[in-house]
Amino acid sequence: MADLNVGEKPLRNISESFKALAATVNAETTAVEVAPFSRACSFISPLFGCLGIAFKFAEMDYVAKVNDLVESSKSIASLQVLVDKDIESECVRKAGSHSRNLLRVKRGVDMVRVLFEQILITEGNSLRDPASKAYAQVFAPHHGWAIRKAVGAGMYALPSKAQLLKKLNEDEASARIFMQDYVAASAPVIQYVEKLFFSRDLGIDW
């Protein structure tokens, strides 16, 4: 992926948009709307692109699923209504359903949360351990052998932490703050989405 435009700040966008979502979730007074949720998730897309070939499959899949949620936001107000509509239409588990795409996007959000957590606690300039742990924890259980093997090979082509921060137009100090903010803010948002599925006896492992 080419470097981002001068002045673009994906980490700031990710951090600020998820803090706003977390505030909505924590207030427990209004439903989470599809539009701000899908917009916040779209800010993560450039990050996958910056991670190179190891996460190319994730970037393509994630971007497509987020785009579907962005489109659905034009006619569906909240995430709750989105899932309930699919249940009524008996298509909730079908490939391409909004609910299935929401679950896939949630995994992408969670993968980045674990990635940032690991980057924050890992010494040195390599992203291989943080990225490998994030993939193993979130994506690997849902992937077949061939994809896991391809991702493992791609881990050797990851940028260094310094290269990633340069691509994201951040220095170490600012990146650390935005990553910490995202880790904290994304957790209640992820839990909210998972609760939507668990409360309807749908589970999240499909």
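The expected span of a helix is 1.5 Å times one less than its number of residues. In this predicted model, helix H7 covers residues 128–139 and has 12 residues. From first C-alpha to last, H7 reaches 15 Å, close to the 16 Å expected.

Six positions of H7 are named here as buried: Pro130, Ala131, Ala134, Tyr135, Val138 and Phe139. Viewed down the axis of H7, the buried residues fall within an arc of 125 degrees, so they line one face of the helix. That face packs against helix H3 (45–50), helix H4 (56–72), helix H6 (98–121) and helix H8 (145–154).

The structure holds 10 salt bridges. One of them pairs Lys9 with Glu170, with the closest N and O atoms 3.7 Å apart. Lys9 lies in the segment before helix H1 (10–27), and Glu170 in the loop between helix H9 (161–167) and helix H10 (172–198), so the pair ties together parts that are 161 residues apart in sequence. Lys9 is partly exposed, at 26% relative accessible area. Glu170 counts as buried, at 10%.

Arg113 has 15% relative accessibility, whereas Glu117 is partly exposed at 29%. Shared partners join Asp110, Arg113 and Glu117 into one salt-bridge network.

Conventions:
Residues numbered from 1 in each chain as written. Predicted model: local features only at pLDDT ≥ 70, side-chain atom pairs only at ≥ 80, totals over all residues. Heavy atoms only, no water. Helix = DSSP H or I, 4+ residues; strand = E, 2+ residues; numbered from the N terminus. Buried < 20%, exposed > 50% of the residue type's maximum accessible area, 1.4 Å probe, protein only. Arc of directions from axis to C-beta. Contact = heavy atoms within 4.5 Å. Salt bridge = Lys/Arg side-chain N within 4 Å of Asp/Glu carboxyl O.
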